[in-house]
Amino acid sequence: VNPNDGSAMHTMLTWLQHSTRENNHLLYRVIKKTNVYLVYVQSDTSLNTNNIAQYGFAVCGTTQLTFTVNRQVKFNMKVHPTYTADTKPKFLKNPEQRITWYNKKLADSGLQVHAIQEVASSLVEFSKSANKVTRIACCDVVGVATIKDPEKFRHFVQHGVGKLKNYGAGLFL
């Protein structure tokens, strides 16, 4: 499976769960490091990784997340910040508006944000047909925050942020 193809990754991961993304709150993110791809997967249920090697992947580890009041977290997320115009989502092109969007989403998530910064722009790619690849702009955002409402934050982490969750955006690392 090509880790750059959001459609292929989405199909593989939902197949490994034998469920839909929405039912298990499946989110993932692909990060390229030199000559290797790291794929982070978050879900309500474990993936069936018995045959993961046939897709070209290996499991490196798992973790259980903890959500406690006043725990400070460093975060990293890939998001597609949008506003609605003519009933369609439009990408926020203005950097100041994007920062406002991030702060609002994170404030609504039970976090108190101390620092936030866009560090890069990237693309989410997916193909719905054999000869057409769609590329959509995303922003890589890092920051530091404190958990103020653990249940709101758990819900936020479980459901992700923004659009394009099927294709590798929205996971809060």
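This is a predicted model: local features need pLDDT of at least 70, side-chain atom pairs count only at pLDDT 80 or more; totals for chains, interfaces and linings use all residues.
**Entry 1: the largest pocket**

I began with the volume of the largest pocket, which is about 1,500 Å³. I then listed its lining, which comprises 43 residues. Tyr40, Val41, Gln42, Thr62 and Thr63 are those that lie nearest the centre of this pocket. Next I asked which elements give two or more residues to the lining. They are helix H1 (6–17), strand S2 (36–42), strand S3 (72–79) and helix H4 (150–159). S2 gives the most, with seven residues. Sorting the lining by class, I noted 25 nonpolar, 14 polar and four charged residues.

**Entry 2: the second largest pocket**

I repeated the look-up for the second largest pocket, whose volume is about 210 Å³. Its lining consists of 16 residues, and Pro3, Asn4, Val30, Lys78 and Leu123 lie nearest its centre. Two or more lining residues come from each of H1, strand S1 (27–33) and strand S6 (111–129). Here S1 gives the most, with five residues. By class I recorded nine nonpolar, three polar and four charged residues in this lining.

**Entry 3: helix H3**

I checked the length of helix H3 (residues 95–107) against expectation. At 1.5 Å a residue, its 13 residues should span 18 Å, and the end C-alpha atoms are 18 Å apart, so the two values agree. Which residues of H3 are buried? I found Arg98, Trp101, Tyr102 and Leu106. These cover an arc of only 125° around the axis, and therefore lie on the same side of H3. I noted the general rule that an α-helix has 3.6 residues a turn, so residues three or four places apart point the same way. On the face of H3 turned away from the buried side I found the exposed residues Glu96, Thr100 and Lys104. I then looked up what covers the buried residues of H3; the cover includes S3, strand S4 (82–85), strand S5 (88–91), S6, strand S7 (132–147) and H4.

**Entry 4: helix H4**

I turned to H4, one of the elements listed for the lining of the largest pocket. Its buried residues are Pro150, Phe153, Phe156 and Val157. Viewed down the axis of H4, they fall within an arc of 120°, which means that they line one face of the helix. Among the elements covering these buried residues I recorded S1, S2, H3, S6 and S7. I noted that H4 is in turn listed among the cover of the buried residues of H3.

Methods: Residues are numbered from 1 along each chain as its sequence is written. Side-chain values use heavy atoms; hydrogens and water are left out. On a 1 Å grid over the protein atoms alone, a cavity is a set of points where a 1.4 Å probe fits but cannot get out, and a pocket is an open set with protein on both sides within 12 Å along at least five of seven lines; lining residues have an atom within 4 Å of a point. Grid points are joined across faces, edges and corners, and a volume is the space filled by probe spheres set on the points. Helices (H or I, at least four residues) and strands (E, at least two) are DSSP runs, numbered from the N terminus. Ala, Val, Leu, Ile, Met, Phe, Trp, Tyr, Cys and Pro count as nonpolar, Asp, Glu, Lys and Arg as charged, and the others, Gly among them, as polar. The expected span of a helix is 1.5 Å times one less than its number of residues. Buried means under 20% relative accessible area, exposed over 50%, partly exposed in between (1.4 Å probe, protein chains only). The arc is that of the directions from the helix axis to the C-beta atoms. Contact means heavy atoms within 4.5 Å.
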